[in-house]
Amino acid sequence: MQRLARNGGTAELLRWLSGRADGWAGIAGSDGTVLSASGTVAPDVPQPPDVPRLVADGVRALAERGALAYSHDTGAHTALLFPLYADDRGAAPLLAVVTPRPVAAGLATLLADVLMPLSLCWETEAVERKRRRVDLAESRGREAVLHLLMTGQLSIARQVAGALRPRLPDPVRVCVVECPGGSRDEVARVCAEADGGRSWIVRCPVYARHLILVMPAEEAPEGTATDEAVAALVDHCVVGVSEQVPLADTATGYRQAFHALAVAREHPARHARFGLTPEPALVVGSAGRQWAEALLTPLLTHVPRRAQDPGSQELAATAASWLAFSSHATGHLKVHRNTLAARLKLIGELLGLDLHRLADQSALDLALRIRATPAPVCTPDPGEPTRTDTGGAAAPAHANGAAHDLDEVLRRPAVQEWAARQLAPMGGPAGPAAEETLRAWLGCEGRLGPTAAELGISVPGARKRLTRLETVLQRSLLRPPSARYDLWLALRAQEVKP
């Protein structure tokens with residue numbers, strides 16, 4: 001009994017008891033519900049009883065009589081019930097055994113002896129189940145806070161995070177840790193110890209091997225940086241870290257960390273930091289903000305016809321999640337794939353976009369990022385004219401955002417400089433081949449099969465080229481969040497260059 005209790009717990013003890021009783025053994029709640037069981041009533045006995053009903057009747061009879069044990073004969077079988085040890089005996093679960101008659105000699109004594117180890121196992125497992133429920137609740141709470149941060153709902157995120165620890169830092173660096181298979185919980189513990197408990201650690205709802213850390217931007221007073229420490233402490237662990245960003249720009253930090261992760265996979269030290277700046281939303285200027293507002297207005301002013309239909313905020317969050325995670329957005333949003341498809345169809349209809357086209361996806365992604373960027377430090381065009389409205393405040397000369405299309409935004413000098421920096425890594429000896437691969441891939445809407453056909457190579461060959469291109473560009477291409485929207489915008493900016 002002691003060996004089984006240590007190695008197998010309640011399940012193994014019940015399996016062993018059912019074998020010794022040549023019948024059925026289980027644990028029933030104080031209301032008669034069977035909570036755990038093993039074995040079956042001997043099949044060679046005619047008309048076997050309804051075991052759950054027999055156990056429930058026995059539990060009621062034992063409670064009514066206030067007895068410490070109960071035995072009931074049904075003709076071919078005997079039901080034996082013993083309460084497990086507990087502080088509140090009235091609410092204690094019971095050991096129930098159904099065995100063929102006659103009852104084997106010594107079985108009742110054996111059942112009395114097994115009550116102590118079985119009670120200890122059951123209580124231990126109950127505590128473990130409660131701990132897991134608490135851990136799951138905390139994990140879901142942290143996931144909810146991360147989702148709010150990713151969708152720009154900073155004030156609500158802080159309110160929800162108020163009951164958890166540590167407090168949300170600001171500014172932050174976002175870190176994505178890719179863990180070895182099945183070790184995410186252990187790596188989370190290592191991250192907490194390496195960081196001194198300063199970071200928010202969230203199990204990624206999209207990628208089963210990823211942890212997301214929202215870390216204070218400043219380094220710890222002593223010790224190695226968290227990303228380097230985790231990569232050194234955990235074998236086969238890969239870490240990507242963003243630049244310093246405001247807490248409200250957590251979504252930007254996550255994209256940067258994910259791109260850094262793609263670089264870290266090819267780096268001997270297994271960690272890398274994002275190094276391409278700035279974000280396109282910071283250089284589009286007033287024209288870009290007006291263009292984004294004009295594009296998104298039909299979505300942001302949408303009023304659902306029914307109360308159960310998604311509203312404008314939910315649709316905007318769906319679009320951002322899908323652009324970031326593609327089909328994995330179902331796991332991020334916790335919705336069915338048909339629900340996601342229906343929402344995307346509605347979003348496309350509202351905005352007049354074909355979301356199957358990479359060009360329209362890139363435009364929507366940029367518009368949402370501009371909207372999510374709080375008070376960006378926009379780079380003004382040299383000599384950009386302004387006018388004064390009736391309130392005396394300076395305003396752009398072009399007040400109507402509809403007058404600015406995306407190409408006009410991409411012609412801005414600051415955007416042209418940003419585009420050149422995105423494509424600059426392809427300026428080396430491998431530049432022409434790399435650019436050919438990139439243009440073919442983007443021209444085929446980011447699909448591997450058509451890209452391979454366009455280049456005249458196999459699909460594995462196309463994948464290898466794109467993997468090498470990830471290292472050159474230091475950006476993730478094949479796994480979402482992908483840099484394909486930024487790269488499409490950069491190439492388009494080159495094409496419309498004034």
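This is a predicted model: local features need pLDDT of at least 70, side-chain atom pairs count only at pLDDT 80 or more; totals for chains, interfaces and linings use all residues.
Residues are numbered from 1 along each chain as its sequence is written, and side-chain values use heavy atoms, with hydrogens and water left out. Local features need pLDDT of at least 70 and side-chain atom pairs count only at pLDDT 80 or more, while totals for chains, interfaces and linings use all residues.

**Exercise 1.** Determine the order of the strands in the open sheet and which strands are its edges.

Solution. 
1. Strands (E, at least two residues) and helices (H or I, at least four) are DSSP runs, numbered from the N terminus. Two strands pair if DSSP finds at least two bridges between them.
2. The open sheet has 5 strands, ordered β2-β1-β5-β4-β3, with antiparallel pairing.
3. β2 (34-39) and β3 (70-73) each pair on one side only, which makes them the edge strands.
4. From one strand to the next, the twist averages 15°.
5. β3 and strand β4 (residues 77-83) run antiparallel and are joined by 4 bridges. Asp73 stands opposite Thr78 in β4.

**Exercise 2.** Classify the crossing of helix α10 (residues 312-325) with helix α12 (residues 337-351).

Solution. 
1. The two axes come within 10 Å and cross at roughly 105°.
2. Angles under 35 degrees count as roughly parallel, over 145 as roughly antiparallel, 65 to 115 as roughly perpendicular and the rest as oblique. α10 is therefore roughly perpendicular to α12.
3. On α10 the contact is made by Glu314, Leu315, Thr318, Ala319 and Trp322; on α12 by Leu340, Arg343, Leu344, Leu346, Ile347 and Leu350.
4. These residues divide into 8 nonpolar, 1 polar and 2 charged (Ala, Val, Leu, Ile, Met, Phe, Trp, Tyr, Cys and Pro count as nonpolar, Asp, Glu, Lys and Arg as charged, and the others, Gly among them, as polar).

**Exercise 3.** Classify the crossing of helix α15 (residues 413-423) with helix α19 (residues 484-495).

Solution. 
1. Their axes come within 9 Å and cross at roughly 120°.
2. α15 and α19 are therefore oblique to each other.

Key:
Axes are lines fitted to C-alpha atoms, for helices over the stretch in contact, and angles run from 0 to 180 degrees between N-to-C directions. Contact means heavy atoms within 4.5 Å.
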